[in-house]
Amino acid sequence: MAARIDHLVTSGTFALDGGQWDVDNNVWIVGDDSEAVVIDAAHDAAAIEEALGGRTLRAIVCTHAHNDHIDAAPALAAATGAPILLHPDDLPLWKQTHPDRAPDGELADGQEITVAGTTLTVLHTPGHAPGAICLYAPELATVFTGDTLFQGGPGATGRSFSSFPVIVDSIRDRLLTLDPATEVRTGHGDSTTIGAEAPHLDEWIARGH
């Protein structure tokens, strides 16, 4: 039986380049009744631990290292013993939030993380951040996109460490090639599908999103 997907929304602040904004983050938990992985430990380690319900946490996977996606990761790791995994290109961002606590392991393009008999494949999708990744789970007909792709377009690229042309390339080459029925579970806001977003690529490019 394939793993199930549990969803939690946590609230806090996003801070970068001297600004600060209130945000709600999607935290995704993939697993079964005995084990799970957490995708983006945002804001509230206690709430995430409660949602795990005593399951063994195999990994805390960071889609990127903006503070609102990683602020609760060290506390959740300390509570559960799970390793924190991050693409190394995002270490400069990570160190802005956690200068004294390094991640426990690296993520690489094509890497596979298996939980509850289900494989999550790492897709390196830079643009929103240099080390941004998505996790593709074909058995669940789902891709977890962090802040790379949202309902309505690409993630923001107006701040440090980001690039609009790079994120467009990532989305075109790595995400829009997936099955159109694939559900896109995002870092903030509502889910969408690859098929719903794919027709709008040229429109995003034209407006520079």
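The model is predicted: local features need pLDDT of at least 70, side-chain atom pairs count only at pLDDT 80 or more, and totals for chains, interfaces and linings use all residues. Residues are numbered from 1 along each chain as its sequence is written, and side-chain values use heavy atoms, with hydrogens and water left out.

Helices and strands are DSSP runs, numbered from the N terminus: helices are H or I with at least four residues, strands are E with at least two.

**Helices α1 and α3**

- Two packed helices are described by the angle between their axes and the distance between the axes.
- Helix α1 spans residues 45-52, and helix α3 spans residues 73-80.
- They pack at an angle of about 45°, and their axes are 9 Å apart.
- Axes here are lines fitted to C-alpha atoms, for helices over the stretch in contact, and angles run from 0 to 180 degrees between N-to-C directions.
- α1 and α3 are therefore oblique to each other.
- For angles, under 35 degrees counts as roughly parallel, over 145 as roughly antiparallel, 65 to 115 as roughly perpendicular, and the rest as oblique.
- The crossing of α1 and α3 is right-handed.
- A crossing is right-handed if the near helix is turned clockwise from the far one by less than a right angle, and left-handed if anticlockwise.
- On the α1 side, the contact (heavy atoms within 4.5 Å) is made by Ala45, Ile48, Glu49 and Leu52.
- On the α3 side, Ala75, Leu76, Ala79 and Thr80 make the contact.
- These contact residues divide into 6 nonpolar, 1 polar and 1 charged.
- Ala, Val, Leu, Ile, Met, Phe, Trp, Tyr, Cys and Pro count as nonpolar, Asp, Glu, Lys and Arg as charged, and the others, Gly among them, as polar.

**Ala79 in α3**

- Ala79 has its place in helix α3.
- Ala79 is partly exposed, at a relative accessible area of 42%.
- Buried means under 20% relative accessible area, exposed means over 50%, and partly exposed is in between (1.4 Å probe, protein chains only).
- Ala79 and Leu57 are 22 residues apart in sequence, and their C-alpha atoms are 9.9 Å apart in space.

**Cysteines**

- The structure holds 0 disulfides.
- A disulfide is a pair of cysteine sulfur atoms within 2.5 Å.
- For the sulfur of Cys62, the closest cysteine sulfur is in Cys134, 14 Å away and too far for a bond.
- Cys62 is buried, at 0% relative accessibility.
- Cys134 is also buried, with a relative accessible area of 0%.

**Thr148**

- Thr148 lies in the loop between β10 (142-146) and β11 (149-150).
- Thr148 counts as buried, at 1% relative accessibility.
- Beyond its neighbours within four places in sequence, Thr148 is in contact with residues including Thr125, Ala132, Cys134 and Pro154.
- Other contacts of Thr148 include Gly155, Ile167, Ile171 and Leu175.

**Ala15 in β1**

- Ala15 is in strand β1 (residues 4-16).
- Ala15 is partly exposed, with a relative accessible area of 32%.
- Ala15 and Asn67 are 52 residues apart along the chain, and their C-alpha atoms are separated by 6.7 Å.
- Leaving aside neighbours within four places in sequence, Ala15 is in contact with Gln20 and Asn67.

**Positive phi values**

- Most residues other than glycine have a negative phi.
- Asp17 is not a glycine, yet its phi is positive, near 55°.
- Asp17 lies in the loop between β1 and β2 (19-31).
- Ala141 is not a glycine either, and has a positive phi of about 50°.
- Ala141 is in the loop between β9 (133-137) and β10.
- Ala141 is partly exposed, with a relative accessible area of 37%.
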